Amino acid sequence: MENQSLILSFSDTNESFEFQNGFSFIKSEKLFNVLRNENFKNEDYPLVIKSLNDNKINEVFQIKINIKHVGYFLVNFAYEENGKEKYSPLIDRIKQLKDDDIDNKEEQLLKIEKVILILNEFEPIYSIFIGRDDTFSYLKECNKVKPSFPLLFPQIDEDISAEVVERKIKEKKKISFDFRKIKDLFDIEKPFFKIDYLFDLLFSLFIAFSFYTAVAFFYKDDLKGLIFVAQILFYGFCLGYSLYLFKYKDKREAHKGEDIIISTYILVGTALGNFVSYIVTTYLLKMADVPLLVLPLVFSFILCLSILPLMKLVYNLIKKKK
């Protein structure tokens with residue numbers, strides 16, 4: 001990549017972006033949303049590396065380098081069959097940077113420079129760094145290292161400065177709020193309905209129905225509640241597996257706010273399940289002497305909503321072991 005520009009292009013719109021060796025900010029949000037993904041998540045994007053014979057953006061050998069409490073690099077090399085063997089010395093060098101001083105922010109920031117110096121020896125096509133704004137501000141002032149490859153960052157607020165931050169701390173620690181966080185929170189892409197969402201709602205409904213009904217039977221010392229405990233386990237597995245098939249099976253790219261949409265369907269399904277269960281137990285099963293069971297209502301929401309993050313955790317653990 002020496003003395004050669006990195007040119008990225010969307011083949012469907014002919015939008016092109018050119019970057020030189022060294023630090024560069026990505027001003028296009030559309031481009032950043034693709035490059036921030038690990039390569040296997042970019043299969044469906046029409047982005048190509050024009051300066052590398054129009055290679056698709058996912059057809060690279062990629063290494064992810066984590067720096068705890070700071071951020072991570074996604075480093076990209078031209079794809080080769082023996083990539084793991086060829087770049088094993090690079091991986092070994094990076095592993096040597098690990099130490100026990102993980103809570104010292106300054107030491108962690110220094111690792112960024114060390115990583116760049118190592119990467120300079122291996123000449124990647126390009127790398128993107130994902131981290132916090134204060135990390136980018138630190139690198140902006142850093143003159144100790146210069147990447148010999150395009151090192152890309154998301155665009156940041158140019159008005160940020162250490163002096164302003166220090167003054168705010170001294171002024172009675174005034175509370176400030178970044179309203180862009182609200183925008184990011186509700187930046188949700190369509191579609192708002194899919195068959196998969198409907199399954200999430202139904203399985204949540206069955207879980208909540210079974211949870212409340214089981215507790216109602218146990219309240220009356222009736223062991224029929226065990227039947228509904230088994231149903232809780234069964235539908236809990238169904239909900240987790242449904243989420244896995246939808247989010248990870250085909251390694252597709254997630255839409256913005258997708259987890260918020262899924263959680264909303266789960267909330268609605270859980271609420272409906274509790275309502276139906278209360279009606280059934282009180283009027284159809286003649287359990288009018290059973291009071292409104294508040295704890296099962298609360299725990300059914302906690303149980304259903306916890307399945308999505310639990311499934312993510314299990315998936316990431318399995319992926320790391322592989």
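Which residue just after H4 takes a positive phi? Keep that in mind; the tour reaches the spot in a few stops. The model on your screen is predicted.

**Stop 1: the whole chain**

Show everything as a cartoon. The chain has 322 residues, and 41% of them count as buried. Look for 11 helices and 9 strands. The accessible area is about 19,500 Å², with 59% of it belonging to carbon and sulfur atoms. Take contacts between residues at least 6 apart in sequence: 68% of these join residues at least 24 apart.

**Stop 2: the sheet**

Select strands E3, E6, E7, E8 and E9. These 5 strands make an open sheet, ordered E3-E9-E8-E7-E6, with mixed pairing. Find the edges, E3 (22-26) and E6 (60-67). Each edge strand has a single partner, so one of its sides has no neighbour in the sheet. On average they are turned by 25 degrees against each other, direction ignored.

Sheet strands pair through backbone hydrogen bonds, in a parallel or an antiparallel way.

**Stop 3: across the sheet, pair by pair**

Start at E6 and step to E7, residues 71-78. The two strands run antiparallel and are joined by 8 bridges. Click Ile 63, then Val 75 in E7: they stand opposite each other.

Step on to E8. E7 and E8 are also antiparallel, with 6 bridges. Here Tyr 72 stands opposite Ile 130 in E8.

Stay on E8 for a moment. Is strand E8 largely enclosed or left open by the rest of the structure? Colour residues 126-131 and see. Of these 6 residues, 5 are buried, so the strand is largely enclosed.

One more step takes you to E9, residues 150-154. E8 and E9 pair in the parallel sense, over 2 bridges. Select Ser 127 and look across to Leu 151 in E9, its bridge partner.

**Stop 4: helix H4**

Select residues 105-122. This is H4, with 18 residues. Try the distance tool on its end C-alpha atoms. At 1.5 Å a residue the helix should span 26 Å, and the ends are 27 Å apart, which agrees. Show the side chains next. The buried residues of H4 include Leu 109, Ile 112, Val 115, Ile 116, Ile 118, Leu 119 and Phe 122.

Now move just past the end of H4. Here is the residue from the opening question: Glu 123, with a positive phi of about 50 degrees.

**Stop 5: Phe 203**

Jump to helix H8, residues 195-219, and pick Phe 203. Its relative accessibility is 16%, so Phe 203 counts as buried. Leave out residues up to four places away in sequence, and Phe 203 touches Tyr 235, Cys 238, Leu 239 and Ser 242. Then select Cys 304. Phe 203 and Cys 304 are 101 residues apart along the chain, yet their C-alpha atoms are separated by 9.0 Å.

**Stop 6: Thr 270**

Finish in helix H10, residues 258-284, at Thr 270. Is Thr 270 buried or exposed? It is buried, with a relative accessible area of 1%. Zoom in on its side chain. A polar atom there lies 2.7 Å from the backbone oxygen of Ile 266. Beyond four places in sequence, Thr 270 touches Ser 204, Leu 205, Ala 208, Ser 300, Phe 301 and Cys 304.

Key. Residues are numbered from 1 along each chain as its sequence is written. This is a predicted model: local features need pLDDT of at least 70, side-chain atom pairs count only at pLDDT 80 or more; totals for chains, interfaces and linings use all residues. Side-chain values use heavy atoms; hydrogens and water are left out. Two strands pair if DSSP finds at least two bridges between them. Helices (H or I, at least four residues) and strands (E, at least two) are DSSP runs, numbered from the N terminus. Axes are lines fitted to C-alpha atoms, for helices over the stretch in contact, and angles run from 0 to 180 degrees between N-to-C directions. The expected span of a helix is 1.5 Å times one less than its number of residues. Buried means under 20% relative accessible area, exposed over 50%, partly exposed in between (1.4 Å probe, protein chains only). Contact means heavy atoms within 4.5 Å. Accessible areas come from the Shrake-Rupley method with a 1.4 Å probe; for residues, only the protein chains shown count as cover. A polar contact is a pair of N or O atoms within 3.5 Å; within protein, one must be able to donate a hydrogen and the other to accept it, and residues adjacent in sequence count only if both atoms are side-chain atoms.
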